[in-house]
Amino acid sequence: MRVIELSNHPAKLRQSAQDKRAAAAAQAQSEYDALLAAHATRLDTMRVEREEARSRHRWLRVLSRNVVIWLAAQERPRRPRVQHVVSNDESRIAAGIEGEQLVVDQLTTELGDEWVLFRGYKNRRGEIDHLLLGPQGLIAIEGKHHSKTVSCRGDEWWYDRYDRAGIHRERDWLTDGRGRSPSRQVNEPADALQNFLRSRGRDVAVQRVVLLTHPRSTWGHIDAPTVHLASSTSELLARLIRPLPASTGRQALRELEQLIVRDHRYHAKPRKRRPPASTRGRPARS
């Protein structure tokens with residue numbers, strides 16, 4: 001199986017989170033250095049006052065300065081530890097990257113060279129984790145790497161978390177940053193891709209699946225899902241492989257591959273911001 005990496009959004013997110021952590025660590029270190037310098041200056045000032053009292057034989061003053069200097073020395077600023085703390089966002093992103101790599105590794109062992117896997121395909125409706133194309137189907141895959149029980153009712157998804165003793169600890173909606181459930185995350189860009197291919201004369205159905213990649217994740221209550229569900233790549237392939245039209249030979253697959261890459265690159269381009277409608281067409285000020 002060939003792998004084409006169109007984009008690596010999770011890696012960019014992780015790098016951004018790491019950059020934020022590094023910036024926070026640098027800021028904390030800078031603040032610590034400033035406090036440390038101020039503390040040292042304060043001690044130096046007290047020592048100068050003590051030596052001045054000593055030169056004048058003011059022994060009680062010298063004694064009191066010794067006590068004050070000792071107490072002040074105990075107030076040395078504590079070194080920050082923020083640079084060693086991995087944020088929850090980083091942990092979540094790292095888990096997602098691990099899950100995506102598991103999908104790649106498993107599909108690589110199960111599929112032959114006639115298949116191609118696109119990583120990070122993107123269009124105007126969103127991003128698809130994995131897009132699998134071969135002589136027996138076009139499959140959009142949304143992976144979820146959670147050690148939880150996942151349930152759905154139509155396009156509403158939620159999860160339950162249980163501890164090792166089987167005691168229920170948490171329930172919450174399962175959505176992305178835009179409030180979309182996993183089925184919507186894969187259905188919306190898959191619909192747009194299917195329409196794009198149809199507009200180019202390729203009437204190809206894009207099959208959609210949500211795949212649980214964590215070994216301790218399970219399916220819970222399932223009611224009228226709008227996508228296929230799988231908990232392993234073997235299960236995914238057994239259920240979803242559906243031959244493309246007979247006319248879809250090697251050359252047609254190659255053309256589909258090129259269309260998918262072209263569509264992704266078009267939508268991945270940075271868009272120039274349009275000026276407000278009220279200023280369009282006005283001449284620039286001299």
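Modeller: One cut-off comes up throughout: a residue is buried under 20% relative accessible area, exposed over 50%, and partly exposed in between. Note also that this is a predicted model.

The part I pick is helix α4, residues 182-199. It has 18 residues. From first C-alpha to last it reaches 26 Å, close to the 26 Å expected at 1.5 Å a residue. Of the 18 residues, 13 are buried, so α4 is largely enclosed by the rest of the structure. After the helix comes G201, whose phi is positive, near 80°.

Next, what lies beside it. α4 lies across β2, β3, β4 and β8. It runs at about 155° to β4. Those strands belong to an open sheet of six, in the order β1-β2-β3-β4-β8-β10, with mixed pairing. β1 and β10 are the edge strands, and each pairs on one side only. On average, neighbouring strands of the sheet are turned by 30° against each other, direction ignored.

Look at β2 and β3 in particular. They run antiparallel, and seven bridges join them. Within this pair, K122 stands opposite E127 in β3. Helix α6, residues 250-268, packs on the sheet too. It touches β1, β2, β3 and β4, and its direction makes about 35° with that of β2.

Now the nonpolar side. The largest nonpolar core has 31 residues. Among those with the most contacts inside it are F118, L131, L193 and I260. α4, α6, β2, β3 and β4 are among the elements that give two or more residues to this core. Leaving aside its neighbours within four places in sequence, I260 is in contact with F118, Y121, L131, L133, L138 and L193. Another core, of 16 residues, lies apart from the largest one, and W115, I139, I141 and V209 are among its residues.

Charged side chains come next. E188 and R125 meet in a salt bridge, at 3.7 Å from N to O. This pair links distant parts of the chain: E188 sits in α4, R125 in the loop between β2 and β3, and 63 residues separate them. E188 is buried, at 13% relative accessible area, whereas R125 is partly exposed, at 29%.

R180 is in the loop between β7 and α4. With a relative accessible area of 6%, R180 counts as buried, because that is under 20%. Apart from its neighbours within four places in sequence, R180 is in contact with R125, G126, L174, T175, Q185 and E188.

For contrast, take two pairs inside other helices. In α1, D44 and R47 are three residues apart, about one helical turn. Their side chains meet in a salt bridge of 3.3 Å, N to O. D44 has 44% relative accessible area and is partly exposed. R254 is partly exposed, at 39%, but E257 is buried, at 7%. The spacing has a simple reason. An α-helix has 3.6 residues a turn, so residues three or four places apart point the same way. Across the whole structure, a search finds 21 salt bridges.

How values were computed: Residues numbered from 1 in each chain as written. Predicted model: local features only at pLDDT ≥ 70, side-chain atom pairs only at ≥ 80, totals over all residues. Heavy atoms only, no water. Helix = DSSP H or I, 4+ residues; strand = E, 2+ residues; numbered from the N terminus. Expected span 1.5 Å × (residues − 1). Buried < 20%, exposed > 50% of the residue type's maximum accessible area, 1.4 Å probe, protein only. Pairing = 2+ DSSP bridges. Axes fitted to C-alpha atoms, helices over the stretch in contact; angles between N-to-C directions. Contact = heavy atoms within 4.5 Å. Core = buried A, V, L, I, M, F, W, Y, C linked by side-chain atoms within 4.5 Å. Salt bridge = Lys/Arg side-chain N within 4 Å of Asp/Glu carboxyl O.
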